[in-house]
Amino acid sequence: MKQKTPKYIDKGRITIDRKIIDNIVYSDSEWLHVWLDILLHSNWKCRKIIVENSPKLVHAGEQITSQVKIAERTGVNRIKVGRVLNGLKSEQQLEHQTNNRFTFIKVLNWFQYIYKSRNLL
């Protein structure tokens, strides 16, 4: 069964509230860069992808990537990317599972980042 994307979902943007200033990620530029990369690369709707030769449904707010890819996109050392993921997990901002081939990331409270802003053009 295909999941419909709610009308309030905006495919082209995420919303960052000013209260991010009070969040732990704001205190370290590398943490912030990794966090924004995760938000920007997470699925905005459900879709099927092939993982290890079998279809997998990846929901909105989730992604299958690797720490190496995140490091390449952000310029943050791969070891630090792993530490940031663990830190974000302990702060209950995401869940992640890593193996030797990929990292599965689920952003917790995903929908708070993708509401359409009625004030933005």
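## Terms and model

Buried means under 20% relative accessible area, exposed means over 50%, and partly exposed lies in between, with a 1.4 Å probe and protein chains only. This is a predicted model, in which local features need pLDDT of at least 70, side-chain atom pairs count only at pLDDT 80 or more, and totals for chains, interfaces and linings use all residues. Residues are numbered from 1 along each chain as its sequence is written, and side-chain values use heavy atoms, with hydrogens and water left out.

## Overall fold

The chain has three helices and five strands. Helices (H or I, at least four residues) and strands (E, at least two) are DSSP runs, numbered from the N terminus. Along the sequence they follow the pattern α-β-β-β-α-α-β-β.

Of the 121 residues in the chain, 36% are buried. Contact here means heavy atoms within 4.5 Å. Among contacts between residues at least 6 apart in sequence, 56% join residues at least 24 apart.

Two packed helices are described by the angle between their axes and the distance between the axes. Axes are lines fitted to C-alpha atoms, for helices over the stretch in contact, and angles run from 0 to 180 degrees between N-to-C directions. Angles under 35 degrees count as roughly parallel, over 145 as roughly antiparallel, 65 to 115 as roughly perpendicular and the rest as oblique.

Helix H1 (residues 29-41) packs on helix H2 (residues 67-74) at about 110 degrees, and the axes are 10 Å apart. H1 is therefore roughly perpendicular to H2. H1 brings His33, Val34, Asp37 and His41 to the contact, and H2 brings Ile70, Arg73 and Thr74. By class, the contact of H1 with H2 has two nonpolar, three polar and two charged residues. Ala, Val, Leu, Ile, Met, Phe, Trp, Tyr, Cys and Pro count as nonpolar, Asp, Glu, Lys and Arg as charged, and the others, Gly among them, as polar.

## H2 and its buried side

Gln67, Ile70, Ala71 and Thr74 are the buried residues of H2. They span an arc of only 100 degrees around the axis, so they sit on the same side of H2. The arc is that of the directions from the helix axis to the C-beta atoms. These buried residues pack against H1, strand S3 (62-65), helix H3 (78-90), strand S4 (94-98) and strand S5 (103-107). Just after H2, Gly75 takes a positive phi of about 80 degrees.

H2 also packs on H3 at an angle of about 110 degrees, with the axes 9 Å apart. That makes H2 roughly perpendicular to H3. Gln67, Val68, Ile70 and Ala71 of H2 meet Arg78, Val81, Gly82 and Leu85 of H3. The classes in the contact of H2 with H3 are five nonpolar, two polar and one charged.

## H1 against H3

The axes of H1 and H3 cross at roughly 75 degrees and come within 10 Å. H1 and H3 are therefore roughly perpendicular to each other. From H1, the contact takes Glu30, Trp31, Val34, Trp35 and Ile38; from H3, it takes Lys80, Val81, Arg83, Val84, Leu85, Gly87 and Leu88. By class, the contact of H1 with H3 has eight nonpolar, one polar and three charged residues.

## Val25, ahead of H1

Val25 lies in the segment before H1. At 0% relative accessibility, Val25 counts as buried. Leaving aside neighbours within four places in sequence, Val25 is in contact with Ile20, Trp31, Leu32, Trp35, Leu88 and Gln93. Val25 and Gly87 are 62 residues apart in sequence, yet their C-alpha atoms are 9.2 Å apart in space.

## The loop between S1 and S2

Glu52 lies in the loop between strand S1 (47-51) and strand S2 (54-58). Its phi is near 50 degrees, a positive value in a residue other than glycine. Glu52 is partly exposed, with a relative accessible area of 47%.

Asn53 lies in the loop between S1 and S2. Asn53 is not a glycine either, but has a positive phi of about 65 degrees. At 77% relative accessibility, Asn53 counts as exposed.
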